[in-house]
Amino acid sequence: MPPENLHRFTLPNGLRVVLYSISGVPAVGVSVHYDVGFRSEPRGRSGFAHLFEHLMFQGSESVARTEHFGHVQAAGGTANGSTHQDYTDFYQVVPSAALERVLFLEADRMRAPKLTEDHLRTQVNVVKEEIRLNVMNKPYGGFPWTVLPGLLFRTYPNAHNGYGDFTDLEQATVEECAAFFDRYYAPGNAVLTVAGDIDPGRAAELVHRHFHDVPVRRPPVPVGLSERAPERELRGDHADPHAPMPATAVGYRMPDPNSDLDAYLAHMVLCVVLTGAGESSRLRRRMIHGPSPLVTDVSTGCGLFGALEARDPETFLCVATHPRETATDHLLEVLDQELAALATQGPTEEELARATALSSVGMHRKYDMLLARTRALGAQEVLFGKAELVGELPGRLARVSARDLAQAAASLRPDARAVLSLHPAASPSLHPIPSGS
C-alpha cells in the first residue's frame with residue numbers, strides 16, 4: 001500500500017502523476033520522466049535519445065531558447081536533464097512558491113518544443129564535443145558502459161553505444177526529431193512527479209491547469225529487450241591510448257528487478273561484501289591489501305548507471321584497474337574464489353550485518369536530498385509502476401539474508417559472463433567489440 005503522503009492520478013491525456021508531500025522542506029522538486037532511453041533508438045541513429053534530451057532545452061511554444069534555465073534560476077532553483085537506458089528525465093528544484101512556474105515550463109515543452117534545423121545542428125555539435133570530452137579524450141572514458149554491452153549482449157537495443165556514433169548523429173534530420181517527439185514524448189508515455197512542500201490538492205489543481213490540454217498521442221509499442229544470457233564466457237579487448245594502465249571489466253546478467261526484486265537486492269548487498277565495506281571488503285582485501293597487490297582499484301556495482309535505473313536485462317559489474325604485470329586470468333581466479341566461497345559458505349554473521357546496514361543506510365542517505373527523492377520516485381514509477389519502492393528499499397535491503405547473498409554469488413558464473421580487457425595503447429591485435437546484431 002502506498003504511504004499516506006504519496007498520491008497518484010492519471011490525466012485524460014494519459015499523463016501519470018505522482019505527488020509526494022514532505023513536511024518541513026521549504027522547496028519543491030518537479031521531474032518529468034519519459035519512457036524512452038537509448039535502448040529505444042532505431043538502428044542507424046545511435047545517440048538519438050541523448051541528442052533529443054538536449055533539444056528539449058532549446059525552447060518551446062511560449063519559451064525562448066535557454067529561457068527554461070533562466071526562469072528556474074531566477075526563482076532560485078536549479079534544472080537539468082539526463083538520458084538513461086530506458087528513460088529520459090527533466091528535473092528541477094525550486095522554492096515552493098515557484099511550483100506553478102515550473103509546471104508551466106514542463107507542460108509547454110511537452111506540448112510543443114522548438115525543433116529547428118539550427119537547433120539540431122547546434123546540439124549535434126554540442127553532443128559530439130561532450131563525447132570527445134567524456135569518452136574519446138579522457139582516460140577510461142566511457143569504460144565500461146559504452147563498450148561492455150556490445151560484448152555481453154547480442155541485440156541492437158541492448159548492445160549498442162548509447163552515446164552515439166558521429167555519423168549517426170550528423171545524419172539526424174528535423175523530420176526524424178519531430179517523429180521521435182510524436183512517438184515517445186506523448187503524455188501517455190510520461191510520469192510527472194511533484195515532491196516536497198506541497199498541498200496535494202493544490203498541486204493536483206495546478207497539474208490539471210497546465211497539462212490537461214497537452215494533446216493525446218498514442219504511446220509507442222515497447223521495444224523488445226529480452227534475450228538469453230550468455231552460455232559461455234565471452235572475451236573482448238578495448239584500446240584506450242589515454243589510459244595510464246590496463247583495466248578489466250567483468251559483466252554478468254542480473255535478476256529481473258520487476259519479477260525478482262529480492263534477488264536483485266541481494267546482488268546490491270553482495271556488492272558491499274565484495275568492495276563496498278572499505279578495507280574489510282573481500283576483493284579489496286585480496287586484491288589491494290594482500291601480500292602482493294594485484295590492482296590499484298576494484299569496484300562492483302549493479303547496473304550500468306546504478307542500481308534500479310533500468311529494466312531487465314541489466315548488468316552486474318566488477319571493474320579493476322591494475323598494473324600491466326597483473327594478468328586478467330589471475331584477477332578472474334581471485335574473483336571466482338571469493339564468489340565460490342560466498343556461494344558455498346555464505347557471508348559471516350559480521351559481514352552480513354555490516355553489508356545490510358551499509359546498504360540500508362546508504363539508500364536512506366541517497367534519498368535524503370529532495371532532488372534525488374523526486375527523481376527516484378519518477379524513475380521507479382516509469383520503470384516498474386511502483387514509486388513507493390523509494391520508501392520500501394531500505395527495509396528490504398536490511399532483510400537480505402545470508403542465503404539470499406549466497407544465491408546471488410552462485411548466480412555469477414564464469415561460464416556466463418563477459419570479460420573486457422582495456423589496454424593502455426592501441427594495438428593491431430585488438431579487435432573492436434561488435435555493436436549488436
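I began with glutamate 392, which counts as partly exposed because its relative accessibility is 25%; I call a residue buried under 20% relative accessible area, exposed over 50% and partly exposed in between (1.4 Å probe, protein chains only). Glutamate 392 makes a salt bridge with arginine 396, and 3.8 Å separates the closest N and O atoms. I took a salt bridge to be a side-chain nitrogen of Lys or Arg within 4 Å of a carboxyl oxygen of Asp or Glu. Both residues sit in helix 15 (residues 389–398), four residues apart, so about one helical turn lies between them. Helices here are DSSP runs of H or I with at least four residues, strands are runs of E with at least two, and both are numbered from the N terminus.

Notes on the source. The model is predicted: local features need pLDDT of at least 70, side-chain atom pairs count only at pLDDT 80 or more, and totals for chains, interfaces and linings use all residues. Residues are numbered from 1 along each chain as its sequence is written, and side-chain values use heavy atoms, with hydrogens and water left out.

I then looked up confidence, as pLDDT, the predictor's confidence in each residue from 0 to 100. The protein chain averages 95, and 97% of the residues score at least 70. Over residues 427–432 pLDDT stays under 50, and the model has six contacts for them beyond four places in sequence; contact means heavy atoms within 4.5 Å. Where pLDDT is low, the predicted coordinates should not be read in detail.

Next, salt bridges. I searched the whole structure and found 30. Arginine 282 and glutamate 338 form one of them, at 3.5 Å from N to O. Arginine 282 belongs to helix 11 (residues 282–287) and glutamate 338 to helix 12 (residues 328–345), so this pair ties together parts 56 residues apart in sequence. Both arginine 282 and glutamate 338 are buried.

Arginine 417 meets aspartate 336 in a salt bridge of 2.7 Å, N to O. This pair links distant parts of the chain, with arginine 417 in strand 11 (residues 417–423) and aspartate 336 in helix 12, 81 residues apart. Arginine 417 counts as buried because its relative accessibility is 2%, whereas aspartate 336, at 22%, counts as partly exposed. I also found arginine 417 and aspartate 336 in a network of salt bridges that includes Glu233, Arg235 and Asp329.

Five strands form an open sheet in the order 7-11-8-10-9, with mixed pairing. Strand 7 (234–239) and strand 9 (297–302) are at the edges with a single partner strand each, so one side of each has no neighbour in the sheet. From one strand to the next the twist averages 15°. I counted two strands as paired if DSSP finds at least two bridges between them. Strand 9 pairs with strand 10 (residues 315–321) in the antiparallel sense over six bridges. Aspartate 297 has threonine 321 of strand 10 as its bridge partner.

Helix 10 (residues 261–276) packs on the sheet, touching strand 9 and strand 10, and its direction makes about 170° with that of strand 9. Helix 12 lies across strand 7, strand 8 (247–253), strand 10 and strand 11, at about 40° to strand 8. For these angles, axes are lines fitted to C-alpha atoms (for helices, over the stretch in contact), and values run from 0 to 180 degrees between N-to-C directions.
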